[in-house]
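Please read them with the model open beside you.

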Amino acid sequence: MASEKSQDLMVTCTAPVNIAVIKYWGKRDEALILPINSSLSVTLHQDQLKTTTTAAVSKDFTEDRIWLNGREEDVGQPRLQACLREIRRLARKRRSTGDGDALPLSLGYKVHVASVNNFPTAAGLASSAAGYACLAYTLARVYGVEGDLSEVARRGSGSACRSLYGGFVEWQMGEQADGKDSIARQVAPEWHWPQLRVLILVVSAEKKQTGSTVGMQTSVETSTLLKFRAESIVPERMKEMTRCIRERDFQGFAQLTMKDSNQFHATCLDTFPPISYLNDTSRRIIQLVHRFNTHHGQTKVAYTFDAGPNAVIFTLEDTVADFVAAVRHCFPPAANGDKFLKGLQVAPVLLSDELKAALAVEPSPGGIQYIIATQVGPGPQVLDDCHDHLLGPDGLPQRDI
């Protein structure tokens, strides 16, 4: 794991994307990134979606530097600085209390960080959550910080604290002004519900028009529906969703997931001026899911949308092939028929004439760019092979990232 010489250190880790099924939208404290309501998410498998981050410290570095997907970014960005400050504060605290061994490096050393996503950044695929969780986890390894990293990750992106764990994770909003009790905890591990599958329907890999930070700030200031949701609806939904997950009640889980997604987008429309993250293809996917379920006489598929047009679909293993066939029927792939489905293998099946008739849609060719098939996965991992490092021995990005 460590490439050490003269107290230099390099660590590489990966972290997952998480998808909220009870949504976080709105902060009660912008600086500390404290939410107005608790939220609950599903951690996706890193075989399909992950951020990889290498952090290196050396006495030879003259300044902190960061590279994202091969491009150097401004290390002075406030949220990045908040993460660095917080991790260094915790490392100093650990050293001053004499907790554990003496740190293997000077806290005065500068850090170089390189990070890559294996999925589109800022396209509504929760890239900032995976990115900041990975940053917090990697820096903690470099600086010898142990214990809960919710506060560090949260300073970068609120939902990042949920990517610190695998399986099913709740972010407790907490009540303290200093945010010490606003932490993530695992509701159930990644192996708890082996039949659950996740399909990401990538409608658009473009950057969204209204970023989440600005969007939720405007919602908090102007939406009375958001306030009602946070105070009167979410607390009960958190209990109900936890029950559905623990009991592996797919019907309950699926219906609540869809209702909460719809309510989140309703608060966006209730914001003034209104915000709309869904597009026509998103709305067609919603229609497809409801018609598919109605045809089967039960809820076999659920959608959820974050702050972007891409749909995340939850279903069980025995329904995946049928639903993928329905998606192909409604959204015939453009030129990339063989690359339309990525991730886990899904056997092709023929759609019955009855289901085609029930879907009753005018096909929308190319509406969905591609599908990523995945499942529930584990939390952050340390990569022990030095060949996985994104930075070379000189602390600069390797050429092939």
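1. Two terms are needed from the start: contact means heavy atoms within 4.5 Å, while helices (H or I, at least four residues) and strands (E, at least two) are DSSP runs, numbered from the N terminus. This is a predicted model, in which local features need pLDDT of at least 70 and side-chain atom pairs count only at pLDDT 80 or more, whereas totals for chains, interfaces and linings use all residues. Residues are numbered from 1 along each chain as its sequence is written, and side-chain values use heavy atoms, with hydrogens and water left out.

2. On the overall fold, the protein has 9 helices and 17 strands. Its radius of gyration, taken over C-alpha atoms, is 22 Å, close to the 21 Å that the globule rule (2.2 Å times the number of residues to the power 0.38) gives for 401 residues, so the protein is as compact as a globular protein of that length. The C-alpha trace spans about 70 × 45 × 40 Å along its principal axes. Among contacts between residues at least 6 apart in sequence, 77% join residues at least 24 apart.

3. On burial, 55% of the 401 residues count as buried, where buried means under 20% relative accessible area, exposed over 50%, and partly exposed in between (1.4 Å probe, protein chains only).

4. The interior can be described through its nonpolar cores, a nonpolar core being a set of buried Ala, Val, Leu, Ile, Met, Phe, Trp, Tyr and Cys residues joined through side-chain atoms within 4.5 Å. The largest has 65 residues, and those with the most contacts inside it are Phe253, Ile285, Ile313 and Phe314. The element that gives the most to this core is α8, with 7 residues. Apart from it lies another core, of 32 residues, which includes Ala15, Cys83, Tyr137 and Ala140.

5. As for Ile285, when its neighbours within four places in sequence are left aside, it is in contact with Leu201, Val203, Phe305, Ala311, Ile313, Phe331 and Ile368.

6. Which residues does Phe340 touch, leaving aside its neighbours within four places in sequence? Phe340 lies in the loop between α8 (320-330) and β15 (341-343), and beyond those neighbours it is in contact with Val327, Arg328, Phe331, Pro333, Ile368, Gln369, Tyr370 and Ile371.

7. Ile33, in the loop between β3 (27-29) and β4 (34-35), has phi near 55°, a positive value in a residue other than glycine, and Ile33 counts as buried at 2% relative accessibility. Ala360, in the loop between α9 (353-359) and β16 (370-375), likewise has a positive phi, of about 40°, although it is not a glycine, but Ala360 counts as exposed at 51% relative accessibility.

8. One peptide bond also calls for attention: the bond from Phe272 to Pro273 is cis, with omega near -5°. Pro273 is placed in the loop between α6 (250-270) and α7 (280-296).
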